[in-house]
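Welcome! Here is a short tour of how the pieces of a protein chain pack together.

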Amino acid sequence: NRPPEAKAKLLFIGYDGALVSAVGIKSQEAGSAIAALAQQGGMWLGRTGGATVGDQVTCTAPGWTSMFTGVWADQHKVYNNGDTLSPEVRTIMYQQHEAGKKASFSYSWEPHGTASYTLEREIFSDVFRYNQDDAGTLDSMLKAINNGEDAVFGTLEHTDHAGHTTSYSIHNKKYMKAVEAAEADANVLIAAAKSRMAEYGEDWMIIITTDHGGYQLNHYGPTYMESTTFFACNKKIF
């Protein structure tokens, strides 16, 4: 529905290990980035773990790889953390860059670059941008937006770190604070995209999603808490 002259852009923000129940609660509070997107477009529930429950463990590498490629592990071959993407399958970041678009993926979970997307990183090293922490990822994504890149991807680890160290639970104040931290970072990124909309007339699709949930101190299994995901977008795509 954008005017012909508007240049399409994409901002993809991942909350690693975000419980759907937790983001649902936080989205009811003022200033929620997820709620703002949902009001414009919508929010939908999804699942991770393979086409059939149990086909794929509910952990970071298979979850994000399925999202970035649009296929399950039986095709992309990233069944677990440490596996490498099949050379026959390409991520959306790679496809965008190969098509002449400027795309980037900022992250602080190191195996993204040293395992999952090693082969792609060897070809397009400037697409994959490793950072020491979430603050670095936020800064890297902001620079990508402000530099006029076409597709800006990034994953924030606030919620996954809190879950592994203190438990994935809506009753855990530290975990809920981590959701707030992710929302605060997302708001900064969304504000930067909106600034470019106003200044340059760009048309940004903005997505917030997660790769998996969690139970107690971990994730890998097929429980609803681990396998249920969400997808919020400022566009009405379904």
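## About the model

This is a predicted model, in which local features need pLDDT of at least 70, side-chain atom pairs count only at pLDDT 80 or more, and totals for chains, interfaces and linings use all residues. Residues are numbered from 1 along each chain as its sequence is written, and side-chain values use heavy atoms, leaving out hydrogens and water.

## The nonpolar cores

A nonpolar core is a set of buried (under 20% relative accessible area, 1.4 Å probe, protein chains only) Ala, Val, Leu, Ile, Met, Phe, Trp, Tyr and Cys residues joined through side-chain atoms within 4.5 Å. The largest one here has 34 residues, and Leu 11, Ile 13, Tyr 15, Tyr 175, Ile 208 and Phe 230 have the most contacts inside it. Helix 10 gives the most to this core, with ten residues; helices (H or I, at least four residues) and strands (E, at least two) are DSSP runs, numbered from the N terminus.

Leaving aside neighbours within four places in sequence, Ile 208 is in contact (heavy atoms within 4.5 Å) with residues including Ile 13, Tyr 15, Ile 34, Ile 190 and Phe 230. There is also a second, separate core of 23 residues, which includes Leu 10, Val 89, Ala 151 and Cys 233.

## Helix 2 meets helix 10

The axes (lines fitted to C-alpha atoms over the stretch in contact, with angles from 0 to 180 degrees between N-to-C directions) of helix 2 and helix 10 come within 8 Å and cross at roughly 50°. On the helix 2 side, Ala 33, Ile 34, Leu 37 and Gln 40 meet Glu 183, Ala 186, Asn 187, Ile 190 and Lys 194 of helix 10.

Key: Buried < 20%, exposed > 50% of the residue type's maximum accessible area, 1.4 Å probe, protein only.
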